[in-house]
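Q: Please take a close look at one part of this model, the place where the two chains meet. Then go on to other local features that deserve a check by eye.

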Amino acid sequence: MHIDARELRSGSVIEGDICIVGAGAAGLSIALEWINSPHKIILLEGGGFEYDEKVQDLYDGKTTGQHYFPLRSARLHYFGGTTGHWAGYCSTMDEIDFQKRDWVPYSGWPITRKDLDPFYARAQENVELGPYEYNLDYWQKKDPDLIPLPLDKNVVWNKIWQFSPPTRFGPKYRKRIEDAKNIQLYTYANLTDIISNENVSAVKQVTVKNHAGKEHTVHAKYFILACGAIQNARILLASNKQAPQGLGNDQGLVGRFFMEHLEIKSGELWLDRPNSMKLYMMDFGRTKMRSELAISAEKQREFKILNGTVSLSPLATARNTRPIIDVWTGKDPRKDIVDLYQNFRKSDHAKPPAGASPIDKAFQLFTRVEQAPNPSSRITLDTEKDSLGMPRSILNWILTPLEKKSIRKIDELIGQQAGLAGVARVKLLEYLWDENDYTWPSFTGGGWHHMGTTRMSEDSKAGVVDADCRVHGIANLYVAGSSCFVTAAAPNPTLTLIALSIRLSDHLKGKLKRH
Amino acid sequence: MHRKSFINISFMGLAAMAIPLLDCAGRNREIKKSLVPPAFLSRICDAKTIRGIGVAYTSRFPVQAREDLLMDLLLADEAGQEPARPSGETVTASFLEKKIQNDFTTGNTVVMNGWILSVTEAQQAALFSIMTS
């Protein structure tokens with residue numbers, strides 16, 4: 001059932017068993033799990049089914065530190081969330097990503113990759129991927145033309161990515177949600193405050209508002225915040241009536257450890273003879289899978305570097321592509337996405353005709369590396385408020401030397417292995433030549449991947465949520481999404497955050513069954 | 001001894017001494033030529049780029065900026081001992097190819113103008129830059 005919260009009488013009280021705040025990839029994945037269950041699910045979406053300027057503006061905020069995309073356009077604020085224009089890149093995290101790594105400060109999840117495996121398999125379906133197979137052998141059996149570069153697997157291996165169509169959660173799941181008898185979807189219901197009991201051990205109710213001037217209250221047994229890593233932190237910090245530092249923020253950790261993926265061109269791979277590169281190429285909307293070059297866990301340990309993967313694209317085209325940080329500059333995400341695709345199309349047209357030139361056998365190395373968890377990289381609240389009275393966000397994005405060292409070493413290892421195999425030479429881009437230079441070039445960008453601001457830990461002094469994604473110290477408040485990530489790994493976060501959300505959903509099913 | 005005979009004998013003696021020297025110089029020239037340019041790089045870069053790599057190498061290691069020393073380094077075996085004198089272009093090419101392979105295996109690599117190279121091929125580029133400057 002769908003209800004427009006603007007049409008309700010102001011002061012309405014909404015009640016249910018579970019209240020999910022946010023209808024993006026995480027929130028909708030949880031809601032889908034509860035269809036036809038005996039429980040009443042309240043799904044709150046701040047926007048409507050279409051883009052709305054006033055609602056989108058609620059995401060505006062300031063950025064400091066490393067240059068970043070405008071916050072206003074870095075996520076989409078309507079039913080379906082940022083899946084409304086995501087590119088559909090999916091892959092799984094590696095075992096090492098969950099482990100404590102001495103050289104990566106604050107690393108180590110309270111769960112393992114194995115714990116997440118069954119949920120990854122289920123998450124595949126939500127984003128309409130192929131089989132839950134991330135092994136090159138499987139895909140090669142299906143297509144023998146997928147030939148890897150002859151590099152030593154103990155150093156550089158082929159990490160498989162799969163591509164969602166990409167699934168637009170809004171149009172894809174709207175009808176199922178609207179038709180579900182036990183789900184009440186409220187659009188234009190922006191959460192502006194979480195009210196806890198007196199001793200701040202449980203959430204009593206949440207307040208929702210909209211631009212029609214309506215204010216409503218929601219009561220539920222359990223509440224799940226699923227609004228993205230910036231908004232989850234913002235909501236907890238701003239809910240400070242009973243807890244002056246914000247909910248779940250006794251240790252001052254909410255909003256800290258903001259992570260992105262560093263996505264940056266880093267080098268060039270020059271083959272000396274034509275090689276089938278089908279395995280590495282991607283034709284947007286058509287390719288179902290491809291491989292990126294990754295560094296083995298052993299070599300990550302040996303060189304004390306972060307995890308990352310490197311994609312290859314024809315250099316003749318890639319050289320003409322403007323950096324995404326220079327393209328995605330506006331405040332309207334609808335225009336930014338058009339500019340982004342135009343940029344790719346333009347560079348393709350600018351490609352010189354294929355001939356006998358060596359550049360026809362050259363590929364750009366584009367490295368995507370995890371950002372090391374860093375408490376100084378964080379979300380805080382501004383004194384300025386949005387049109388519904390919520391303090392706006394400030395992002396202070398801070399990188400460390402480890403990210404740059406890792407990018408350089410990853411490309412260097414690929415260069416050494418390509419040289420050893422006698423197939424290619426690698427040229428690093430100039431900003432990586434001096435190993436003692438830790439500055440970043442102007443084209444440094446991210447992937448619009450926001451993670452880590454309510455990090456997971458079994459220790460309430462080291463994390464905001466526990467291994468079940470429950471906010472430490474608050475019995476019925478959960479967080480879903482990439483804000484719970486402890487480390488960022490290399491892959492785009494969507495598949496993992498959906499897996500984690502389904503896992504949270506199973507946990508709550510177990511709890512409700514017991515009661 | 002008659003003056004004429006003396007001149008003849010002296011000339012023959014000088015010729016006997018000079019011919020091997022000339023031959024040796026010629027062989028050295030041949031070997032030197034067979035050491036440059038680095039084979040793989042010449043398939044993917046132009047001469048200017050290779051020269052640039054060579055100049056970068058000699059700037060970083062100025063003591064090696066001598067043709068004879070670079071030749072010795074290139075012809076030394078994998079343990080850096082006694083210069084080998086492979087004869088013929090094919091033999092030299094295969095000798096260098098093995099050295100380059102060994103460099104990459106042992107991590108004997110350098111980054112020159114951003115290129116991740118075996119030290120051997122960086123030295124080849126250096127010799128090339130000196131020879132063509």
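How much area is buried between chain B and chain A, and what percentage of it do carbon and sulfur atoms give?

A: This is a predicted model, in which local features need pLDDT of at least 70 and side-chain atom pairs count only at pLDDT 80 or more, while totals for chains, interfaces and linings use all residues. Residues are numbered from 1 along each chain as its sequence is written, chains are lettered from A and ligands numbered from 1 in the order in which they are written, and side-chain values use heavy atoms, with hydrogens and water left out.

About 1,600 Å² is buried between chain B and chain A, and carbon and sulfur atoms give 65% of that area. Buried area here is the accessible area (1.4 Å probe) that two parts lose on being put together, summed over both. Chain A brings 20 residues to the contact and chain B brings 16, where contact means heavy atoms within 4.5 Å.

The rule finds 5 residue pairs in polar contact across the interface of chain B and chain A, both residues being at pLDDT 80 or more. On the side of chain B that touches chain A, the elements giving two or more residues are α2 (39-44), α5 (89-106), β1 (109-112) and β2 (115-118) of chain B. Such elements are DSSP runs numbered from the N terminus: helices (H or I) of at least four residues and strands (E) of at least two. A polar contact is a pair of N or O atoms within 3.5 Å; within protein, one must be able to donate a hydrogen and the other to accept it, and residues adjacent in sequence count only if both atoms are side-chain atoms.

The rule also finds 2 salt bridges across this interface (a side-chain nitrogen of Lys or Arg within 4 Å of a carboxyl oxygen of Asp or Glu). One of them joins the side chains of Glu121(B) and Arg425(A), at 2.7 Å from N to O.

Chain B also has a cis peptide bond, between Val36(B) and Pro37(B), with omega about -15 degrees. Pro37(B) sits in the loop between α1 (3-35) and α2 of chain B.

In chain A, helix α4 (residues 113-126) has 14 residues and should span 20 Å at 1.5 Å a residue; its end C-alpha atoms are 19 Å apart, which agrees. The expected span is 1.5 Å times one less than the number of residues. α4(A) has a kink of about 35 degrees centred on Phe119(A), the bend being the angle between axes fitted to the seven residues ending there and the seven starting there.

Residues of α4(A) that are buried include Leu116(A), Phe119(A) and Tyr120(A); buried means under 20% relative accessible area, exposed over 50%, and partly exposed in between (1.4 Å probe, protein chains only). Among the elements of chain A against which the buried residues of α4(A) pack are β6 (156-163) and α6 (169-179). The loop between β6 and α6 of chain A holds Pro166(A), which is joined to Pro165(A) by a cis peptide bond with omega about 5 degrees.

Phi is positive, near 75 degrees, at Cys469(A), a residue of the loop between β17 (424-428) and β18 (477-479) of chain A. Cys469(A) is buried, with a relative accessible area of 2%.
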